[in-house]
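I opened this notebook to record what I looked up about pockets, cavities and annotated residues.

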Amino acid sequence: TEKPIYKFPSPVVVLCKFSSPPFGSLRRTWSTKEKKEKNLHGSSRAFPSLSLPRNFVLFAKSRRSTKFISISLWTPEKRSEALAMASCGKKLINDPNDVVTEFIEGLVESYPGMQYLDGFPEVKVVLRADVAGAKNDKVAIISGGGSGHEPAHAGFVGEGMLTAAICGDVFASPQVDSILAGIRAVTGPMGCLLIVKNYTGDRLNFGLAAEQAKSEGYKVESVIVGDDCALPPPRGIAGRRGLAGTILVHKVAGAAAAAGLPLEDVAEEARHASELVGTMGVALSVCTLPGQVTPDRLGSGKMELGLGIHGEPGAAVADIQPVAVVVSHVLKQILSAETNYVPITRGSRVVLMVNGLGATPAMELMIAAGKAVPQLQLEHGLAVERVYTGSFMTSLDMAGFSITIMKADQAILQRLDAATTAPYWPVGVDGNRPPAKIPVPLPQSPSARSDVSLCRPVQLSKQGILLEVAIEAAATAVVNLKDPLNEWDSKVGDGDCGSTMYRGATAILEDLKKYYPLNDAAETVNEMGSSISRVMGGTSGIMYTILCKAAYASLKANGQSDVTSNHWAEALEASTTAVSKYGGAIAGFRTLLDALIPASQALQQRLKAGDDPVTAFVLSSEAALAGAESTKLMQAQAGRSSYVSPEIVASVPDPGAMAAAAWYRAAALAVRNTLESSLPAGSSAP
């Protein structure tokens, strides 16, 4: 049917979103004598807009099953504001005003043990799905504050931690009605404990909600957490700010409540824990609020020490320093005897928390933790009992971290180790830590000969002489081909094929004279693979290592000290098969296999035909060279060459294939020349 939606007194812009084909249509009609119509089509992927004049009536008409999902009406001023948002900090959000409620919806969808109160948008409360206020026989632990610090506080709702979390708007204290709704929803006869960060808005709103709840007959206690150690001792009533140390207080209180303690005892444990904890943060950037322009208060090359979790200025701005220096400064500030913020002295047992502020990679957090532990142990004389590293209380997308230190006795550790279902409390960190982590020794290969150290034999056998000649010639050929390989690779790759192969070849030449057990062909090939893996990076390095290791396994499987030409042929086939298996390339893909596969096939064919082994080796090297040169005619299907235009690829052969053909042919010719110069006439090659 067709019906008027609304009559608008002033010009607006209409943004329409439709469900699915066959689409829908909008018909606009002026409220003048002349009537005009215009259809507006769109789909679920399109948001067409239509400017309308003053005093018009908008009609909506649906066809068949098509329905309108939404019609947004914007004044020109509001539309300009919306367009201006494109210059704001990038966020994967919808309406900036809905970020908190949509976060809560996603959170409870992700974790079955969570639920939220049906009071959006004013009441934003996340609570345990298994707790009903009147039937709750444990003390309820409630905390919260402004949003933007996720996973705090809602991410710590679960048995053994928070019973409910009250979420305010971004960086804004939750409303009293919302806090009161949370108290009513989860508080039973045992009462509830409110854990509040020391900010004026939080103290006032939670305080008023607590008084209102008491007047309704609820038993309520409150604990204020102020763990900031960045600023000098405050003068006045503001006190120290509540930071990431609050999470540890949550855990202590939640475990005490789960143990069945009465409200007074739970509150006392939480209060005691709050007096043992200190925190300081450092940031490389300030945060960007949803829908707002990213501020640039710090500038490049600067960091801020002691700034708050809402982006408020800290104690000092300084040049960026190595993280070890930053960690040292932060620890000294927290443990300062002058401020005496935490009762921690040499010999104390402590818990360490390294907390990401929102945009700090786990790698950087772990680096900070790795520097903090030995400094606490060696410089401050403390026993580090637990280490918690991750993002616990963030500041939207702020880059930086905070460090929290908490004095820990056995009772505190027991509470921290107690089980919890809160999804963002770290797992795998409970239990006693060793005073020092000693790396586990590298395991030896089962095939390693521990009784004999690998080295060059004093006297080489005939096979050892040939093997040395072949290896030296092959490696030298690669060294001499460095520049042409780099030139070819600069056109079809990243230009370093020659340099990479050069590193492997020179390592082989160096190790050849010292370590290779040349009288043992299998072990020599294995050691060549070790030389390559030590110095050759990238795809070439791993491919040649696989090639050597597969050849070694094949030679070793024969179980014979003397390696025959057939054994070498089998080893070459095994190595090319392994490279193809793990690299994914086959003949015709324009890789080193286009040289080695023809060589392997030719070698086996000539040996089966009864050719002399050396002759077969030389002929197979010709097949390798022909295969490498044929790569000019191939379309690249592997490696970086596959991203290059066919015209450029066709101008040069594949560098990897040319390198393989070069060392293979050099080895074959060196073996032939050596045998021709040393063997008596009429003798056959081994």
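**Entry 1. Terms and provenance**

I worked on a 1 Å grid over the protein atoms alone: a pocket is an open set of points with protein on both sides within 12 Å along at least five of seven lines, whereas a cavity is a set of points where a 1.4 Å probe fits but cannot get out. Lining residues have an atom within 4 Å of a point. Grid points are joined across faces, edges and corners, and a volume is the space filled by probe spheres set on the points.

The model is predicted, and I note that local features need pLDDT of at least 70 and side-chain atom pairs count only at pLDDT 80 or more, while totals for chains, interfaces and linings use all residues. Residues are numbered from 1 along each chain as its sequence is written, and side-chain values use heavy atoms, with hydrogens and water left out.

**Entry 2. The largest pocket**

I looked up the volume of the largest pocket and found about 1100 Å³. Its lining has 41 residues, and those nearest the centre are Leu467, Ala470, Trp568, Phe617 and Ala667. Two or more lining residues come from each of α10 (462-480), α12 (497-512), α13 (521-535), α14 (538-558), α15 (565-583), α16 (593-608), α17 (613-629) and α19 (655-678). For these labels, helices (H or I, at least four residues) and strands (E, at least two) are DSSP runs, numbered from the N terminus.

Which helix gives the largest share of this lining? I found that α10 does, with nine residues. By class, the lining of the largest pocket holds 34 nonpolar, five polar and two charged residues. In this scheme Ala, Val, Leu, Ile, Met, Phe, Trp, Tyr, Cys and Pro count as nonpolar, Asp, Glu, Lys and Arg as charged, and the others, Gly among them, as polar.

I then turned to aspartate 611, in the loop between α16 and α17. Its side chain makes a polar contact of 2.5 Å with the side chain of arginine 606. A polar contact is a pair of N or O atoms within 3.5 Å; within protein, one must be able to donate a hydrogen and the other to accept it, and residues adjacent in sequence count only if both atoms are side-chain atoms. Leaving aside neighbours within four places in sequence, aspartate 611 is in contact (heavy atoms within 4.5 Å) with Arg606, Ala616 and Leu619.

**Entry 3. The cavities**

How many cavities of 30 Å³ or more are there? I counted two.

The largest cavity holds about 80 Å³. Residues lining the largest cavity include Leu243, Thr279, Ile309, Asn355 and Met393. I recorded seven nonpolar, five polar and no charged residues there.

The second largest cavity holds about 50 Å³. Its lining consists of Gly145, Gly146, Ser147, Glu150, Ala152, His153, Ala154, Ile166 and Cys167. Strand β9 contributes the most, three residues, and the classes are four nonpolar, four polar and one charged.

**Entry 4. Annotated residues**

I consulted UniProt, whose unreviewed entry lists Gly146, Ser147, Gly148, His149, Lys197 and Asp202 under "binding site". Of these, Gly146 and Ser147 belong to the lining of the second largest cavity. The unreviewed entry also lists His310 under "active site". UniProt positions are given in the numbering used here, feature names are shortened, and annotations may be inferred rather than shown by experiment.

Histidine 149 is in the loop between β9 (140-147) and β10 (164-170). Histidine 149 counts as buried because its relative accessibility is 1%; buried means under 20% relative accessible area, exposed over 50%, and partly exposed in between (1.4 Å probe, protein chains only). Histidine 310, in the loop between β14 (302-305) and β15 (316-319), counts as partly exposed because its value is 24%. The side chains of histidine 149 and histidine 310 are joined by a polar contact of 3.3 Å. Not counting residues up to four places away in sequence, histidine 149 touches Phe171 and Ser395, among others, and histidine 310 is likewise in contact with Phe171 and Ser395, among others.

Lysine 197 lies in β11 (residues 192-197). Is lysine 197 buried or exposed? I found it buried, at 1% relative accessibility. Its side chain makes a polar contact of 2.8 Å with the side chain of histidine 153, a residue that also lines the second largest cavity. Leaving aside neighbours within four places in sequence, the contacts of lysine 197 include Asp202, Ile309 and Met393.
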